[in-house]
Amino acid sequence: MIGKKMEKALNGHLNKELYSAYLYMAMSAYSDSIGLKGFANWFMVQYHEEMLHAMKIYEYILRQGGRVNLAAVKEPPSDFESPLDLFEKTLAHEKFITKSIHDLVDLAIAEKDHATQIFLQWYVTEQIEEEENDNDIIAQLKLVGAGPEGNNGLFLVDKDLGARVTTVLTDFSKGIEAGMKAAGQA
Ligand code: OFO
């Protein structure tokens with residue numbers, strides 16, 4: 001059982017994770033449109049990861065006897081300045097998500113909601129990886145000088161990003177735990 005305040009806060013964060021998915025889908029489409037198929041792949045894999053992040057919260061609210069309230073998802077930008085701009089905006093967005101998760105943890109502590117505190121630990125750890133990945137890619141893009149003008153090094157980064165594969169669950173019809181078991185991931 002979760003309190004009403006926590007239910008509202010979790011629903012708010014669920015919306016932010018859905019926006020993350022939407023934003024990375026927009027970035028994937030943009031990357032594809034400028035010929036960066038590897039970037040497009042990386043962002044579409046990230047889209048799937050964000051859907052899992054959203055669905056974990058969706059499922060947690062329901063398992064705790066709460067109500068899921070799906071609010072409108074904000075429109076993401078469709079234009080970006082450069083490959084570097086894509087990842088700088090990604091990192092800025094992930095920092096925003098990290099702050100939102102930390103606020104949820106603070107609320108769970110204030111509410112003495114131990115179950116939600118434990119549930120949120122997965123997200124706290126996940127955000128370290130999210131920001132680290134973005135920082136690594138930004139460093140690579142700066143090394144190859146991938147500003148608005150682009151260059152040959154960008155081709156290699158694109159190839160690298162094209163190798164990323166989706167490893168997370170993408171079918172939520174049976175729930176996350178059962179779905180992961182069926183997919184041999186648990
Ligand atoms: Fe869900 O971690 Fe990104 O946004």
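Lys4 and Glu7 form a salt bridge, with their closest N and O atoms 3.3 Å apart. The term salt bridge here means a side-chain nitrogen of Lys or Arg within 4 Å of a carboxyl oxygen of Asp or Glu. Side chains of opposite charge can pair when their charged atoms come close. Lys4 and Glu7 are three residues apart in helix H1 (residues 4-33), so about one helical turn separates them. A helix is a DSSP run of H or I with at least four residues, a strand is a run of E with at least two, and both are numbered from the N terminus.

Are the two partners buried or exposed? Lys4 is exposed, with a relative accessible area of 62%, whereas Glu7 counts as buried at 8%. Buried means under 20% relative accessible area, exposed means over 50%, and partly exposed lies in between (1.4 Å probe, protein chains only).

## How to read the model

This is a predicted model, in which local features need pLDDT of at least 70 and side-chain atom pairs count only at pLDDT 80 or more, while totals for chains, interfaces and linings use all residues. Residues are numbered from 1 along each chain as its sequence is written, and side-chain values use heavy atoms, with hydrogens and water left out.

Lys37 is exposed at 52% relative accessibility, and Asp32 is partly exposed at 36%.

Another salt bridge links Lys99 with Asp103, whose closest N and O atoms are 2.9 Å apart. Lys99 and Asp103 are four residues apart in helix H3, so they too are separated by about one helical turn. Asp103 is partly exposed, with a relative accessibility of 37%.

## A nonpolar patch on the surface

Now look at the surface, where Tyr22, Met25, Met44 and Val73 form a nonpolar patch with about 310 Å² of accessible area together. Patches are made of residues with over 30% relative accessible area and no salt bridge; like charges are joined within 9 Å, and nonpolar side chains (Val, Leu, Ile, Met, Phe, Trp, Tyr) within 5 Å. The areas come from the Shrake-Rupley method with a 1.4 Å probe, and for residues only the protein chains shown count as cover.

Val73 sits in the loop between helix H2 (37-63) and helix H3 (83-110). Val73 is partly exposed, at 32% relative accessible area.

## The largest pocket

The largest pocket has a volume of about 200 Å³. On a 1 Å grid over the protein atoms alone, a pocket is an open set of points with protein on both sides within 12 Å along at least five of seven lines, a cavity is a set where a 1.4 Å probe fits but cannot get out, and lining residues have an atom within 4 Å of a point. Points are joined across faces, edges and corners, and a volume is the space filled by probe spheres set on them.

Among the residues lining the largest pocket are Lys56, Tyr60, Trp122 and Met180. H2, helix H4 (114-143) and helix H6 (176-182) each supply at least two lining residues, and H2 gives the most, with four. The lining divides into six nonpolar, no polar and four charged residues. Here Ala, Val, Leu, Ile, Met, Phe, Trp, Tyr, Cys and Pro count as nonpolar, Asp, Glu, Lys and Arg as charged, and the others, Gly among them, as polar.

## One cavity

There is one cavity of 30 Å³ or more. Its lining includes Tyr24, Gln46, Thr90 and Glu130. H2, H3 and H4 are the elements that give two or more residues to this lining, and H4 gives the most, with three. By class, the lining has two nonpolar, three polar and three charged residues.

Gln46 belongs to helix H2 and is buried, with a relative accessible area of 3%.

## A backbone angle to notice

Most residues other than glycine have a negative phi. Lys112 lies in the loop between H3 and H4 and is exposed, at 64% relative accessible area.
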